[in-house]
Amino acid sequence: MSRHVLVLGGTTEARLLAAELAVRPDTRVTTSLAGRVTRPGAIAGDVRVGGFGGADGLAEWLRAHRVTAVVDATHPFATAITANAARAAAVTGRPLAVLRRPGWRPGPGDHWHPAGSLAEAARLLPDLGRRVLLTTGRMDLAAFAHLDRLHFVVRSVEPAEPPAPPDMAQVLARGPFTVADELALLRGHRIDVLVTKDSGGAATAAKLTAARELGLPVVVVRRPPLPDGVSVVPGVAQALEWLGLDPDTAPPEVGRTPAE
């Protein structure tokens with residue numbers, strides 16, 4: 001029986017899952033991207049860009065394109081997309097799995113300060129440092145825009161969107177970054193506090209290692225909760241198993257997509 005899998009993408013895992021599915025017999029994969037990054041890179045299978053028009057629009061798209069299963073592999077902080085996917089899947093009866101890599105955990109030598117939101121992270125900063133490396137995303141600067149006594153270094157793939165802190169430098173770069181890269185960035189900009197979201201995974205964890213080596217405090221914004229009742233898988237292999245596919249039968253070239 002043929003299947004059509006919709007992957008809600010934007011992460012490394014989404015790209016790897018699409019590559020796995022595209023080579024499977026009787027399987028069609030479509031990856032949906034929000035369109036916030038203008039150069040997302042090559043993705044196997046079909047790709048669509050742009051929103052669906054909320055949960056109702058997504059439900060209609062699932063019916064019209066005969067989607068048999070949905071895997072939400074968006075960023076852990078893409079709460080609106082995940083909520084819409086859960087509602088659309090429930091309305092249409094399509095199975096939905098949320099692919100979420102495990103979150104980070106502090107270890108010996110880490111000086112982490114958990115925050116429940118970006119606003120809480122902003123409240124913590126004045127007591128922790130004056131030169132801030134902000135890696136929470138180019139569209140999340142409004143929460144920090146009032147902190148006019150701090151210097152911010154904002155790293156993102158594309159230019160930041162206002163409102164933004166008045167004293168701000170931008171670093172445009174795409175990962176993954178090595179620990180050496182992160183140490184050079186932190187030292188070069190004389191950073192004394194790091195702010196990040198708990199995105200999890202190894203691809204973006206080098207900054208945490210660098211902060212530990214330098215003894216810097218790290219404000220870690222906790223993940224928002226998932227909708228009730230959704231199935232959660234921690235990786236691509238588990239997503240394939242959830243879809244009823246053997247993760248060990250893909251050609252050897254699958255899985256070599258560079259991490260983001």
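Q: A charge sits over a ring if NZ of Lys or CZ of Arg is within 6 Å of the ring centre and within 35 degrees of the ring normal. Over the ring of which residue does the charged end of Arg 155 sit?
A: This is a predicted model: local features need pLDDT of at least 70, side-chain atom pairs count only at pLDDT 80 or more, and totals for chains, interfaces and linings use all residues. Residues are numbered from 1 along each chain as its sequence is written, and side-chain values use heavy atoms, without hydrogens or water. The charged end of Arg 155 is 4.0 Å from the centre of the ring below it. That ring belongs to Phe 177.

Q: How far from the centre of the ring of Phe 52 is the charged end of Arg 48?
A: Here the ring belongs to Phe 52, and the charge is the end of Arg 48. The charged end sits over that ring. Its distance from the ring centre is 3.8 Å.

Q: Phe 52 and Trp 61 form an aromatic pair; of which kind?
A: The count of aromatic pairs comes to 2 (rings of Phe, Tyr and Trp, its six-membered ring, with centres within 6.5 Å; planes under 30 degrees apart are stacked, over 60 edge-to-face, the rest tilted). In one of these pairs, Phe 52 and Trp 61 lie 5.6 Å apart, centre to centre. Their planes make an angle of 70 degrees. That makes the pair edge-to-face.

Q: Is Trp 61 buried or exposed?
A: Buried means under 20% relative accessible area, exposed over 50%, partly exposed in between (1.4 Å probe, protein chains only). Trp 61 has a relative accessible area of 14%. Trp 61 is therefore buried.

Q: The side chain of Arg 138 makes a polar contact with the side chain of which residue?
A: Arg 138 is found in the loop between strand S7 (131–134) and strand S8 (151–156). It is buried, because its relative accessibility is 14%. A polar atom of its side chain lies 3.4 Å from the backbone oxygen of Pro 159. Side chain to side chain, at 3.0 Å, the contact is with Glu 161.

Q: What separation lies between the C-alpha atoms of Arg 138 and Asp 228?
A: Arg 138 and Asp 228 are 90 residues apart along the chain. The separation of their C-alpha atoms is 29 Å.

Q: A polar contact joins the side chains of Lys 197 and which residue?
A: Lys 197 has its place in strand S10, residues 193–197. Its relative accessible area is 12%, so Lys 197 is buried. The contact spans 2.5 Å, side chain to side chain. The partner is Asp 140.

Q: Which form does the peptide bond from Pro 162 to Pro 163 take, cis or trans?
A: Pro 163 lies in the loop between S8 and strand S9 (168–172). Omega of the bond from Pro 162 is near 0 degrees. The bond is cis.

Q: The peptide bond from Gly 175 to Pro 176 is cis, with omega near what value?
A: Pro 176 lies in the loop between S9 and helix H5 (179–188). The bond into this residue comes from Gly 175 and is cis. Omega is near 10 degrees.

Q: Is Asp 26 buried or exposed?
A: Asp 26 has its place in the loop between H1 and strand S2 (27–33). Its phi is near 60 degrees, a positive value in a residue other than glycine. Relative accessibility is 54%, so Asp 26 counts as exposed.

Q: What is the relative accessible area of Arg 66?
A: Arg 66 has its place in the loop between helix H2 (54–64) and strand S4 (69–72). Phi of Arg 66 is near 50 degrees, a positive value in a residue other than glycine. Arg 66 is exposed, because its relative accessible area is 70%.

Definitions and conventions: Helices (H or I, at least four residues) and strands (E, at least two) are DSSP runs, numbered from the N terminus. A polar contact is a pair of N or O atoms within 3.5 Å; within protein, one must be able to donate a hydrogen and the other to accept it, and residues adjacent in sequence count only if both atoms are side-chain atoms.
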